[in-house]
Amino acid sequence: MALTFSWIAVVVILVTSIGLLLVRDWRWSIILLAVQYLGMFILTLQHWPFGMASVKLVAGWMSAAILGMTRSNYPAHDFEETGIWPRGRLFRLFAAGIVLLIVSTTTPGVDTIMADAGYAVTGGSLLLIGMGLLHLGITSYILRVVIGLMTVLSGFEILYSAVEGSILVAALLAVINLGLALVGAYLLTAENALQEVESE
Amino acid sequence: MNAPYIWIVFPIGIGILLLLISNQRALSLLGGVIALLLAVIAQFVPIELAMSVGSISFKIDSSLTILGRTLLLQPAEGPLLALIYGAVALWFFGAEASKAATRLVPIGFMITGLLVASIAVEPFLYAALFIEMAILLAIPMLTSIYHPPSRGVSRFLIYQTLAMPFILLAGWLLGGVEASPGDLALAGQSASMLGLGFAFLLAIFPLYNWVPLLSEEVSPYILGFLLWILPTITIIFSASFLDRYSWLRSSPQLTIALRLAGLLMIVTGGLFAAFQRHLARIMSYGAIAETGFSLLALSLNLRLGIPILFLLIPARALGLAVWSLSVTVIKEQVETMRFGAARGVLRILPFAGAGMIIATLSTSAFPLLAGFPARLALWEELARESISSGFWMAIGIVGLLISAFRSLAVISMADEYTSWEPRESMTQRIMLGLGVIGLFILGIFPQTIQYFLSNLPLMFEHLGR
């Protein structure tokens, strides 16, 4: 039963992480991020007790809420990525496919190294790390950068939960997640400071 | 009383309280005095030793337990705490002259507290988490909420954040290597993870592109503070890995990797500085080369390398403080920091111009300046182990020297009959003057600092003995 839930969580993570790459509306990004934390919570439950795993879920949802509330204060249009590199949806889908391919081939090896954490746990975490890195590589918009970093950290936290059960680490990682969201909110506010002055 | 409360919790609390003060001078003085006090206590009041003053007797306990883990500041770490807080006091006293006190002092205190926690936490692997928290705090220090953040800020955030997972996972893998030392594949994997983590954290070539980017965009003084404190603590953290794992310490591959990384940093930092036409970017390349010197010290025979590593720390702190303060003062008076705009600036900013050149020369191992004794010792040991490495270090140093003389030529190139009209404030003149004198004192009498440095290697169990 637990294994079935784990694989469902992996599918959820696959959908949300690809969705985060493709969607342009910030509202969808925040919703997908929140759902992604739910998937992460289920995978963390494989190795951690409910109480400790729920810290990650609550911290993740609070982080998503912080980012969403900050972003909602600013104009509806999203930042358009510019530059010489291709950034269209088809390209992102193609790049996500390559990440998926790499993850599926490396999962067994990494699983062996990570004390047999389980294919679902290892695969899900590597998927998040890969998609997060891809996200960071193709964006310079601060909201997306922070979401990319949170995605990478989520993947790492799933993997690390398989080998480390310290309460202090869980607490510090939750603080770091919230701190990252607050830094993202700060930078989003700073990014829109000029627009605010102009509109006044 | 408890050591982690004094040097970790108290500074963080003071930092939060100081956020309420907006007066530059008050912040600078208050912050400087408190940091100095913490340094004096660390140097002269022993940890874990009962003392009595009059009728009052007290003892500073070394450990504090939080969530099942321990923050432990051992008696041998007192001189290190004194060095860190002493240097922080120096930066805070100079903050008023740089007009960055409102951001530097409160957040600087919190960052310092967290970085000391990274040295104190047991098991030491968790240091990466505290360093990451310090990095997150550095963002509001670097950028104002009233200005859009620059590319350098987001790169800094990304690169430094990516370091944490690598180091934590490497730490776990290293435990496995310790359990089964014959597993060469696992050793290779853990060493690669560790290397990647520290490459991100120490901004090792080619992952340092955020440094010059930031130098163009943010206050040079604040950047200078971060370029001093983050690599310094990270290097001590990396030395803890060497101290803890004997197979890592005795690995010839690691020595080669550290030496190559150090030389790459020095050579690229020196050469990029030599061809640079932006005064703040030259400072950033100088800081990159400084990290290279520290890595080179770690690559030497550790009995000699560790004392050299500690000798590099005060010179780096003072040199970067003078350099970044000078560049900040110059930045106030010129349109851009490019050579074209800074031409002849020595006539209106003689103290800042002289401070910048002398600090550059100190980083370039110029004789009689603070950087010289440590670099000379480093160079001598390096040449003894590998003459070609000594040659490459020389190339980096020559690059830095060229950048110093180019900067000197540009800032002194005023039109004929231009009069001298110093525009620095009295505080700026005093701070820069004292800083330059300090650079000479550390260069001419390096033994003065030995009193504080001689016991530092005792904080390690196996290194520097």
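In strand β4 of chain B, B:Thr70 is the bridge partner of B:Thr65, where strands (E, at least two residues) and helices (H or I, at least four residues) are DSSP runs numbered from the N terminus. This is a predicted model, in which local features need pLDDT of at least 70, side-chain atom pairs count only at pLDDT 80 or more, and totals for chains, interfaces and linings use all residues. Residues are numbered from 1 along each chain as its sequence is written, while chains are lettered from A and ligands numbered from 1 in the order in which they are written.

**The sheet of chain B**

- β3(B) pairs with β4(B), residues 69–72, in the antiparallel sense over 4 bridges, and two strands count as paired if DSSP finds at least two bridges between them.
- These strands belong to an open sheet of 3 strands in chain B, with the order β3-β4-β5 and antiparallel pairing.
- Because β3 (63–66) and β5 (121–122) of chain B each have a single partner strand, they stand at the edges, and one side of each is left without a neighbour in the sheet.

**The two domains of chain B**

- The domain assignment, which is automatic or taken from a database, gives domain 1 (1–122) and domain 2 (123–459) in chain B.
- Their C-alpha centres lie 23 Å apart, and the contact takes 32 residues from domain 1 of chain B and 35 residues from domain 2 of chain B, with contact meaning that C-beta atoms, placed from the backbone, lie within 7 Å.
- On the side of domain 1 of chain B that touches domain 2 of chain B, α5(B) gives the most, with 12 residues.
- By class, that side of domain 1 of chain B has 20 nonpolar, 7 polar and 5 charged residues; Ala, Val, Leu, Ile, Met, Phe, Trp, Tyr, Cys and Pro count as nonpolar, Asp, Glu, Lys and Arg as charged, and the others, Gly among them, as polar.

**The largest nonpolar core**

- Among the 250 residues of the largest nonpolar core, those touching the most other members include A:Val146, B:Tyr85 and B:Phe130; such a core is a set of buried Ala, Val, Leu, Ile, Met, Phe, Trp, Tyr and Cys residues joined through C-beta atoms within 7 Å, and buried means that 20 or more other C-beta atoms lie within 10 Å of a residue's own.
- Helix α14 (residues 302–333) of chain B contributes the largest share of this core, 19 residues.
- Domain 1 and domain 2 of chain B both give residues to this core, so it lies between them.
- Leaving aside neighbours within four places in sequence, B:Phe130 is in contact with B:Leu114, B:Leu115, B:Ala117, B:Ser118 and B:Val121.

Terms used: A residue is buried if 20 or more other C-beta atoms lie within 10 Å of its own, exposed if 12 or fewer, and partly exposed in between; C-beta atoms are placed from the backbone. Two residues are in contact if their C-beta atoms, placed from the backbone, lie within 7 Å.
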